[in-house]
Amino acid sequence: MSPFPFPNAATELAGKVDWLFLGLILISTFYMALIFGPMIYFLFKYRRGKKADRSSIRIHTWKVEVVWTVIPFLMMMGLFGWAADLYYQIERPPADALEAFVVGKQWMWKLQHAEGNREINELHLPLGQTIKLTMTSEDVIHSFFIPAFRIKQDVVPGRYVTEWFRPAKIGTYHLFCAEYCGSDHSLMGGNVIVMKPEDYAAWLVAGAPRDNLAAAGERLFRDLGCSGCHVGSSVMRAPRLEGVYGGPVPLASGDVAIADDQYIRDCILLPASQRVAGYSPLMPTFQGRVSEEQIIQLIAYIRSLASKRPPEEMNK
Amino acid sequence: MNPIEIQTVQVQPETENYLSAAHTVRSWLLTTDHKRIGLLYLFSILIFFAVAAVAAALMRGELLRPHGAFLLNETYNKLFTLHGVLMVWFFLIPSIPAVLGNFVIPLMIGARDVAFPRLNLLSWHLFMLGGAFVLYSIIVGGVDTGWTFYTPFSSTYSNTHVILMAAGIFIAGFASILTGLNFIITIHTMRLSGMTWFRMPLFLWSMYSTSLILILATPVLAITLALMAMERIWHIGIFDPKLGGDPILFQHLFWFYSHPAVYIMILPGMGVVSELISCFSRKEIFGYAWVAMASVAIAVLGFLVWGHHMFVSSQSIYAGMVFSVLSYLVAVPSAIKVFNWTATLYRGSISFEAPMLYALSFIGLFTIGGLTGLFLAALAVDVHVTDTYFVVAHFHYIMVGGMVTGFMGGLHFWWPKITGRLYPEKLAQLAALIIFAGFNLTFFPQFIMGYLGMPRRYHNYAPEFQIYHILSTAGASILGIGYLLPLIYLVWSLRHGKIAGANPWKASGLEWETSSPPPVHNFDTPPQLPDKPYDYHPEADSE
């Protein structure tokens, strides 16, 4: 765990970041000793009026220069490697994560759990579970910052970004917005609450959501009229959505897209941009008709169809 | 043996100099004399500095309490925007180049003026026009975007006078470009015959590198601000995703200018420090060629590291790694400079006049600023500390601890040349020490609270950070006194300071061969090029 008594380090990765930070402090101290030590010594020894040997230096200065060029260079590369390796771990979510979804807007965080529970400016988490957040913004750029986890990710409108962590300590931690976002930027935050798994399960039940995220998406899918074209076998007006998620989609442009969250989002808001091969450009845009949270629900529904196949194929 | 230099006390004849040549307002506002333009810049940037310093003082006062003392959220946001915009574009960028550079570059190379004196004057007028736009935008209500103008907040969501302020910065950018162009051509074409590139003072190498950045990077800033304004006025989708744009594109363009601009705000300080360390230790600079090339290396590498501002922006993590490794490379030439300055002291004959105190303070503060840059270049640590007070502390150590300290050192060093008068030495030494102490008390606590997670640009904050804010505000008060003192005694010295003579520091360099203040055309008799740059003899000057 962390070499420091504070700040709170509530994940294993936070401890690793603290070790790197300590390494940097030690290297900095080494350099400061190397620079200020001789400097202060020279300032005393060679101050004007004091007797000292001031004759010209008879060494090849280039040798000295090469030494203090090459050694810092090697140390810099070492630091880079250490930090880059840890960064890779921080930025790559493991596959087995629980999912939650975050929408930032001026000036609040709106959170949805896969089970359907919704929160504002609070995020309840089970201890020891890997959590992956998928995040976007309704307006300007925000940044989801949990100091106790040593993680931060800018939340950018128009795209999905992810952040992951595995809480290792029960407690309540700060949640901040770290990217300046307007008047009440400094009030855009709240708490992350790490609970025992059984308490978390009880909390989920107590929230008593009407539907889980995918079911809410399915309802929306019908209410918005998506099902009119994407379900039913009579006319081939729109592609079926069963088994689509996560796979390749051949596009009318000849390219192949991967049907991930971003692609589905773009299809809902900008249907003309990445049209599926073999279909006419009939789909209207839903820009302005669905909120970012609803898009997340729709994606959750489409993802829940990933392992299914269209009914008519099953009948063959 | 080196011949012992004989210093003759020069009796100042009452000849006409550049200050006494004319006294009308017109003779100042329409002057093409590089020395007068330098002073026009000095006067203007001090006004901008004062306004920005008042903003800083208000913010530091406000931050004494976790939930604010007397400012609205909007007001606080406008204050840090105006502090950043004025300090970066209207104080730091012109500070050493446009004030000291304008004044001493032609003198250092034995020239009568810069290559294009009228362009030089135009540059100051553009600068003032830009400044007028910015001040006007503040008077009519201010801007709340931060000096970084991140989209889509600036282009779509902010309800403040973004266009006015951006227009001011856009216009002032042309002043930077003209100054950079002028310096490059001046240094290329107007050096005294015999002054080869490797016989130039290192200040000129740093000015040359800075000028390259000014002319190559500033146009990108102008384009970026223009695109942002087009989106704001005509809703042309460039950066706002709702209009089909990409907000991250803005950050790439902005930092492509603004990271090199950081080096505009440190290289000139390094140039000054090379002059000071050498003069006050009576030693030729150690590793001249390495220090000179380090300036060029910093200027070139500075163009390749902009993405290190964007490690958590959602840019590709592999791009992040490339920018991280390049950022570590910039540390190497910076370290070379610091090592060479330290080595210059070895076997020197060191005295501690105020300019030297500023030079030593520069080395100390720049070293801390540079080393904490290693923390920020470390990808995994940056994820935690970016956008916190750690970053605020880091760049103030570079920009204030480095550049402003370098500027103060240079201003004291060349003050006798500029005015013909000496400033009061004891008082100046005291001020240098107060500034050093006040600076550290202001900004060191910010490293700690940054690592503890205090985000920047926060006006309401969690109570556990209050102690660090109190320390910081206390330091800022001391720092304020430290900056007021020189203002008072320098003005006092204009009338009451001792007559300086041509070369009060017994410094090497052509600017010290002419009288103080210099005549209108700089040299009454052609200057004599010394045998080598930094022609100092510590043994001879050991008493």
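**Sheet and chain contact**

In chain A, 5 strands make up an open sheet, ordered E4-E10-E9-E6-E7, with mixed pairing. Strands here are DSSP runs of E with at least two residues, helices are runs of H or I with at least four, and both are numbered from the N terminus; two strands pair if DSSP finds at least two bridges between them. Strand E4 (122-126) and strand E7 (151-155) of chain A are the edge strands, each having a single partner strand, so one side of each has no neighbour in the sheet. From one strand to the next the twist averages 20°, with axes fitted as lines to C-alpha atoms (for helices, over the stretch in contact) and angles between N-to-C directions running from 0 to 180 degrees.

This is a predicted model, in which local features need pLDDT of at least 70 and side-chain atom pairs count only at pLDDT 80 or more, while totals for chains, interfaces and linings use all residues. Residues are numbered from 1 along each chain as its sequence is written, and chains are lettered from A and ligands numbered from 1 in the order in which they are written.

Within the sheet, strand E9 (residues 171-177) and strand E10 (residues 189-195) of chain A run antiparallel and are joined by 6 bridges. Thr172(A) lies opposite Ile193(A) in E10(A). Helix H3 (residues 197-207) of chain A packs on the sheet, where it touches E4 and E10 of chain A, and its direction makes about 130° with that of E4(A). Contact means that the C-beta atoms of two residues, placed from the backbone, lie within 7 Å.

The contact between the chains takes 66 residues from chain A and 63 residues from chain B. H2(A) gives the largest share of chain A's side, 17 residues.
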